[in-house]
Amino acid sequence: MLNASEILHAGILIVDDQEVNIRLLEQLLGEAGYTRVASTMNPHEVCALHRRNDYDLILLDLQMPGMDGFQVMAGLKTNVADGYLPVIVLTAQPGHKLRALQAGAKDFISKPFDLVEVKTRIHNMLEVRLLYKALAAHNTLLEQAVRERTAELRESEARYRSLTELASDWYWEQDDSGNFIKVSGPVLEMLGIRVDTLSGERSGSPTTGWNEAERAVLQAKIAGRQPFLDFVFSRVNADGSHQRYQVSGEPMFNQSCRFIGYRGIGVELPARP
């Protein structure tokens, strides 16, 4: 929530071709405690002034010679980066109020001024504007935090993969259907398979020589979404030689706790004599 000092320190620009109106509004705002009040009688200066000072509120007279308030608002629309037009129009013409709102003004103050109405509308408008800016700033901070956290996670994942690759013969990831989606190292050559699942469920993959009892245990762990550490399984090659492998894996879940696959590491063990 905003405190009173934040509202009273908001930047305000008064635009009117009548000096008496400017003096009246400056006096009113000063007595109410507003500390950052500027004014101009030249409507051609408004866009440049707003670019430099980013006012929280512009009190804009509609009927001015050379450039009326509608033309000023049209210029401000191309000038405001966030698309929000912080304008209260000042008018003595009831028929101009609807047109001004349709042109982008957020509120209006009728001439001659009712001083209580002026103070109330200005305060309310500034409160909404400052809350809008605070929300935008908060969203920017959240987006930055998300970007930084995402970068940290990617860096952490890269370090994890680098370490696992150094500590093992291969690193692997599988999707929720058991298909390899990432493989680092000579896993295909060592296991003698072509993009197969570790549990041997894919049709058409070579399974000759594998110890089916060991693979059944591994299958059960994977089906139960369980992690496994240093699991050893083996195969007998066509030439009678033996190969042994040790794998560790863990299930992966997304932010919605949905299972998305496995990842892990593996090494080839020395053959038993």
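Predicted model: local features only at pLDDT ≥ 70, side-chain atom pairs only at ≥ 80, totals over all residues.

I looked up E6 first: strand E6 (residues 170-174) pairs with strand E10 (residues 259-269) in the antiparallel sense, over five bridges. For the labels, helices (H or I, at least four residues) and strands (E, at least two) are DSSP runs numbered from the N terminus, and two strands pair if DSSP finds at least two bridges between them. Glutamine 174 is opposite tyrosine 262 in E10.

Residues are numbered from 1 along each chain as its sequence is written, and side-chain values use heavy atoms, with hydrogens and water left out.

Next, the other neighbour I checked for E10. Strand E9 (residues 242-253) runs antiparallel to E10, joined by ten bridges, and glycine 249 has glycine 264 in E10 as its bridge partner. The E9-E10 hairpin has five residues between the strands, and there cysteine 257 takes a positive phi near 65°.

Then cysteines. I found zero disulfides (cysteine sulfur pairs within 2.5 Å). Cysteine 257 is exposed at 64% relative accessibility, whereas cysteine 47 is buried at 15%. Buried means under 20% relative accessible area, exposed over 50%, partly exposed in between (1.4 Å probe, protein chains only).

Last, the open sheet: five strands, parallel pairing, order E2-E1-E3-E4-E5. Its edge strands are E2 (36-40) and E5 (107-110), each pairing on one side only. I also noted four bridges between E5 and strand E4 (residues 87-91), with valine 89 opposite phenylalanine 108.
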